[in-house]
Structure formats: structure tokens, C-alpha cells
Amino acid sequence: MTPALQRDLAPLGLQLGAPAFVRIFKREGELELWLANPAGDYRLFRTYPICRYSGALGPKQREGDNQAPEGFYRVARSQLNPASRFHLAFNLGYPNAYERARGYTGDFLMVHGNCVSIGCYAMGDAAIEEIYTVVDAALRAGQPAFEVHAFPFRLDAAALAAEHASPWFDFWSELKPGYDAFERTRRPPRVAVQGQRYRIDG
């Protein structure tokens, strides 16, 4: 697979081992894999169909609600599982600092293969093999952790406004600055938690 990946990356000015970034869009059923070019700007390498996720639009709040999480996550090398019973997997790190501050519960929320989901984002096996290879190479090359931004949908102004009646409108409005920052700069923004709210710097 590695020679094929290198062949596909080269025309985009990208290489295996470059810093990686992942965006997930529930409604669209898509996972985007981005890589940094030598200048540090991120370019879209590939968009993969999400085979399955469980639950509805909205964040995960408690163990057993079968919701796939939404929010901002960091994945370090220790969170990769090459021996997963779901082919290959990486742990999103739920609950993050925001979710812990709100008392949300649950663990082992993954992106994995095998097209089976109970609170996770399940990919096809070929897709997870490629994604895993790329993020593993980035971490081996020195990226301390890669960011995963999981959104309910593409958070442009019109799409968010259309969900004004949703009970999750305020939460999604907190996610939007992170979405907007990357759209504007093509670099993952710095995300912090202040009190029980996300703070986006970038």
C-alpha cells in the first residue's frame, strides 16, 4: 500500500509522514484526511465514505447512549490500535476536557474498520487501512498528535441557521468557529476549553 499512497500523494505536493488532520461530517457521512505540505498548509488528500455511525446528530453525553461523539479531539500514538477486533482503530480520546467539564461519560470511542458501530465511526476496511497508514506515518515522523474535528454537518452559515430549532444549536454554534478557522487558514486551529466552553485561537 505504501508505494501506492506515495504515488497518489506526490501530485498534491504531499508525502507520507507529513502532519495529518482529520475532519468528520456525520450528516454527509464523510471523513476527510488532510496532510500538511512543506509550507505547513494543509491540503485535502482523500475523502472517504463513513460506512456507519450510530445515533443521531448531536454529541455523545453518557455511556450507553450509542451516540457517536462530536467535538475536537487529539490522537496520540498510544491511541492507535493495530490489533483491534475491528481490523484497525484509533481512539478519539472521548471524553475530552470539554466533555469531562460537563460530566459526560463513555470511553473507547473509535474510528475503526469492519463497518460496525456502537458509538463509533466505522469505515470500510480498505479505507481504515489507508487512513491508519497515513496517520501512523505522521506520528512516527514526529507529529505529537493529530487533530480530529467531528462535526454534525458542514457548518457553513446557512446549514447552521437551518438548525436553529435544534436543541443542539448552541453547541453547534460553539463548534462553528473551529470549522471556520480551518476553512479560512487551512491550518488546524488551537482549541482550548475555558469553563464549560470551547475557545478557538486561530
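**Figure 1. The second largest pocket of the predicted model holds about 200 Å³ of space.** The model is predicted: local features need pLDDT of at least 70, side-chain atom pairs count only at pLDDT 80 or more, and totals for chains, interfaces and linings use all residues. Residues are numbered from 1 along each chain as its sequence is written, and side-chain values use heavy atoms, without hydrogens or water. Of the 14 lining residues, Phe72, Tyr73, Arg74, Asn96 and Val191 are the closest to the pocket centre. Strand 5 and strand 11 (190-194) are the elements that give two or more residues to this lining. Strand 11 gives the most, with 4 residues. The lining divides into 9 nonpolar, 2 polar and 3 charged residues. Pockets are found on a 1 Å grid over the protein atoms alone: a pocket is an open set of points where a 1.4 Å probe fits, with protein on both sides within 12 Å along at least five of seven lines, and lining residues have an atom within 4 Å of a point. Grid points are joined across faces, edges and corners, and the volume is the space filled by probe spheres set on the points. Ala, Val, Leu, Ile, Met, Phe, Trp, Tyr, Cys and Pro count as nonpolar, Asp, Glu, Lys and Arg as charged, and the others, Gly among them, as polar. Strands (E, at least two residues) and helices (H or I, at least four) are DSSP runs, numbered from the N terminus.

**Figure 2. The largest pocket has a volume of about 260 Å³.** Its lining includes Phe86, Phe108, Met110, His112 and Ile118. Arg85 and Cys120 are also among the lining residues. The lining divides into 7 nonpolar, 4 polar and 1 charged.

**Figure 3. Gly64 sits in the loop between strand 4 and strand 5.** Gly64 is exposed, at 55% relative accessibility. Exposed means over 50% relative accessible area, buried under 20%, and partly exposed in between (1.4 Å probe, protein chains only). The C-alpha atoms of Gly64 and Ile118 are separated by 8.8 Å. Along the chain, these two residues are 54 residues apart.

**Figure 4. Arg46 and Asp8 form a salt bridge, with their closest N and O atoms 3.0 Å apart.** Arg46 lies in strand 3 (residues 42-49) and Asp8 in helix 1 (residues 2-9), so the pair ties together parts that are 38 residues apart in sequence. Arg46 is partly exposed at 25% relative accessible area. Asp8 is partly exposed too, at 28%. A salt bridge requires a side-chain nitrogen of Lys or Arg within 4 Å of a carboxyl oxygen of Asp or Glu. The structure holds 18 salt bridges.

**Figure 5. Lys26 and Glu70 form a salt bridge with the closest N and O atoms 3.0 Å apart.** Lys26 lies in the loop between strand 1 (20-25) and strand 2 (30-36), and Glu70 in the loop between strand 4 (52-53) and strand 5 (71-76), so the pair ties together parts 44 residues apart in sequence. Both Lys26 and Glu70 are buried.

**Figure 6. A network of salt bridges links Arg23, Glu30, Glu32, Arg154, Glu183 and Arg186.** Arg186 and Glu183 are bridged, with the closest N and O atoms 3.6 Å apart. Arg186 is partly exposed at 30%. Glu183 is partly exposed at 33%.

**Figure 7. Strand 2 and strand 3 pair in the antiparallel sense over 7 bridges.** Pairing requires at least two DSSP bridges between the strands. Trp34 stands opposite Leu44 in strand 3. The hairpin has 5 residues between the strands. There, Gly40 takes a positive phi near 95°.
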